[in-house]
Amino acid sequence: MIHSTGISPTNHQSPSVQLGDSHTQTTDEALFLTSSEASKVAYRLAIDQVVETILASLQDNKAYSGMTPDALKKQIHVDSMLPAHGLGYDAVMQRVSESILPNFLRTTSTDYMAHLHSPALIESIAAELILSTFNQSMDSWDQAPVATEVELDVVRQLCAMYGFGPAGDGVFTSGGSQSNLCGLTLARDWFCTTRLAHDVKKKGLPDGYTRLRIYTSAISHFSMEKSAHLLGLGYDSVVKVPVDAACRMDAVALRTLIQQDVDSGLLPMCVVATIGTTDFGSIDPLAELAPLCKEFGLWLHADAAYGSGLILSERFANRLGPIGACDSITVDFHKMFLLPISCGAFLVKDGSALDAFMLHADYLNREEDEEDGYTNLVGKSIQTTRRFDALKVWMAFQVRGKDGYARIIDTCVGNAAYLYQRLCANSAFEVAIEPEISSVVFRLRTECEVNKRVRRNLLHHHGVVIGQTVYAGKTFLKFTLLNPLVTHAKLDALLALIEDLGRQVLNS
Ligand SMILES: Cc1ncc(COP(=O)(O)O)c(C=O)c1O
């Protein structure tokens with residue numbers, strides 16, 4: 001049910017506050033939140049209404065309504081996305097409440113465990129409202145004065161948290177893919193400058209660039225290949241290193257591959273360690289990789305998009321290994337940290353490496369600004385206009401504290417360990433590997449097709465959304481346990497349901 005706010009053109013009780021009414025569109029209350037009382041009333045009404053509408057849409061704890069793609073297409077279709085005359089806020093909220101809200105994937109549901117895609121902490125939703133309301137842009141100090149200072153301080157403290165010294169620096173990003181692209185860009189530029197005496201920023205790729213090589217595990221994230229393509233190096237520059245039985249990069253195989261490449265005249269430039277692989281949460285052995293990179297003179301980037309959250313747990317932080325020994329780190333806050341998309345950071349041990357992204361524009365980031373103490377963050381980023389996502393970290397970290405966050409991480413890692421034990425004790429199931437973080441990959445010991453049909457059945461008929469992947473050539477199911485509200489009883493019930501559905505599919 002929609003609670004009217006009086007901000008519709010059709011509501012005659014509040015004629016002065018009408019969003020979308022063409023007759024009042026030049027007044028601030030119909031457009032923006034300003035210091036005027038009328039605009040504050042309109043803002044409050046609009047926000048109150050959306051809050052009520054969201055709350056009313058949450059009628060059960062299912063992760064998904066079950067609608068098929070075709071049914072959704074019909075449900076959301078509007079004859080004209082840009083009607084000749086505005087419909088007003090009430091009417092559009094009504095449409096949102098009917099066709100969109102009931103069909104959202106509910107990341108807060110304990111029946112959702114498909115991906116590294118987390119529910120959003122309540123205080124971080126408040127942060128989203130603040131940052132959207134004030135719409136700061138992080139490219140220049142004059143577009144985001146206090147926001148710039150907050151981001152600088154958050155980054156400084158993150159660098160210390162991950163073991164970087166005072167030279168460390170970084171920048172907020174849209175997430176892991178962008179952070180990985182940043183890491184590989186800096187690695188390429190550093191290698192070309194220091195080893196080939198070639199300035200990529202000015203001159204483009206050096207002669208013989210097809211000999212440059214990046215080493216990463218066979219199960220690293222696909223953003224390695226994407227980045228290599230974007231950097232002009234191509235997929236062929238990415239050497240996939242085999243993993244051991246625990247799905248961690250095999251450091252002995254890495255050494256052999258690097259040595260072979262050096263011997264044949266190729267140019268190894270960088271190793272990317274995955275600190276929490278996408279499917280398994282396995283962690284590459286930094287203690288072995290860091291000295292190897294030193295020996296061969298390679299940049300070491302940690303893709304800790306998933307595992308970076310372990311730093312919050314006293315019990316499990318040591319699973320990260322010596323992460324401060326890396327040259328750069330990808331941190332994602334929209335995974336284990338439970339902050340809303342998008343929210344990521346790219347950290348680098350020697351902040352001067354970020355000069356790769358520095359370019360002065362007369363209209364935006366004049367050189368004299370820096371000299372006078374105004375930081376224009378565009379000089380550290382591959383984005384120009386950029387959200388004030390650092391506020392979400394600033395608020396959530398202070399609201400929860402280390403102990404509050406540690407409870408969340410410990411619960412999720414503990415849930416994965418519990419699920420692993422239950423699966424090992426049940427002969428109906430087979431498990432890929434013992435979890436190091438909070439993802440568990442398993443299957444019913446039956447045909448791959450049965451496992452696939454069980455997952456589809458859960459999605460469309462039970463409101464349960466779980467993951468599916470391939471391990472050792474077979475279809476596996478996956479629980480990605482980022483939600484600390486998941487209980488052991490819930491995990492037991494889901495396993496029983498999966499077993500039961502497996503039997504039903506086999507007998508159908
Ligand atoms: C290990 C790893 N790296 C990078 C990424 C990409 O992160 P994003 O989706 O934030 O771009 C993911 C996404 O799941 C990931 O698992």
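User: How many bridges join strand β3 to strand β5 in this model?

Analyst: In this predicted model, strand β3 covers residues 212-217, and strand β5 covers residues 267-274. Arginine 213 stands opposite proline 268 in β5. The two strands run parallel, and the number of bridges that join them is five.

User: Which residue of β4 is the bridge partner of isoleucine 214?

Analyst: Strand β3 also pairs with strand β4, residues 238-241, in the parallel sense and over four bridges. Within this pairing, the partner of isoleucine 214 is valine 238.

User: Which residues of β3 point the other way from Leu212, Ile214 and Thr216?

Analyst: In a regular strand, side chains alternate between the two faces of the sheet. Strand β3 is mostly covered, with six of its six residues buried. Leu212, Ile214 and Thr216 point one way, and those that point the other way are Arg213, Tyr215 and Ser217.

User: Is strand β2 largely enclosed or exposed?

Analyst: Strand β2 spans residues 169-173, with Asp169, Val171 and Thr173 pointing one way and Gly170 and Phe172 the other, all of them buried.

User: Which residue of β8 is the bridge partner of threonine 173?

Analyst: Strand β2 pairs with strand β8, residues 344-348, in the antiparallel sense, and five bridges make up this pairing. Threonine 173 has as its bridge partner in β8 glycine 344.

User: Which residues does leucine 347 touch, not counting residues up to four places away in sequence?

Analyst: Not counting residues up to four places away in sequence, leucine 347 touches Leu158, Cys159, Tyr162, Phe164, Gly168, Gly170, Ser328, Ile329 and Val331.

User: How many residues of domain 3 are in contact with domain 2?

Analyst: The protein is divided into domain 1 (1-101), domain 2 (128-395) and domain 3 (400-507), and the centres of domain 2 and domain 3, taken over C-alpha atoms, are separated by 31 Å. On the domain 2 side, 21 residues take part in the contact, and by class they are 10 nonpolar, six polar and five charged. On the domain 3 side, the number of residues in contact is 18.

User: Which helix gives the most to the shell around the ligand?

Analyst: There are 15 residues around the ligand, and those that come nearest are Gly175, Gly176, Ser177, His221 and Thr278. By class, the shell divides into three nonpolar, 10 polar and two charged residues. The helix that gives the most to this shell, with three residues, is α7, residues 176-196.

User: Which residue does a cis peptide bond join to isoleucine 341?

Analyst: The cis peptide bond has an omega of about -5 degrees.

User: Is leucine 338 buried or exposed?

Analyst: Leucine 338 has its place in the loop between β7 and β8, and its phi is near 60 degrees, a positive value in a residue other than glycine. Because 26 C-beta neighbours lie inside 10 Å, and 20 or more are needed for the class, leucine 338 counts as buried.

User: Is alanine 472 buried or exposed?

Analyst: Alanine 472 lies in the loop between β11 (465-471) and β12 (474-480), where it has a positive phi of about 50 degrees although it is not a glycine. Because 7 other C-beta atoms lie within 10 Å, and the class takes residues with 12 or fewer, alanine 472 is exposed.

User: How far apart in space are proline 322 and glutamate 288, C-alpha to C-alpha?

Analyst: Proline 322 lies in the loop between β6 (299-304) and β7 (328-332), and beyond its neighbours within four places in sequence it is in contact with Leu286, Ala287 and Ala290. Proline 322 and glutamate 288 are 34 residues apart in sequence, while their distance in space, C-alpha to C-alpha, is 9.6 Å.

Methods. Residues are numbered from 1 along each chain as its sequence is written. This is a predicted model: local features need pLDDT of at least 70, side-chain atom pairs count only at pLDDT 80 or more; totals for chains, interfaces and linings use all residues. Two residues are in contact if their C-beta atoms, placed from the backbone, lie within 7 Å. A residue is near a molecule or strand if its C-beta atom, placed from the backbone, lies within 6 Å of it. Ala, Val, Leu, Ile, Met, Phe, Trp, Tyr, Cys and Pro count as nonpolar, Asp, Glu, Lys and Arg as charged, and the others, Gly among them, as polar. Two strands pair if DSSP finds at least two bridges between them. Domain bounds come from an automatic or database domain assignment.
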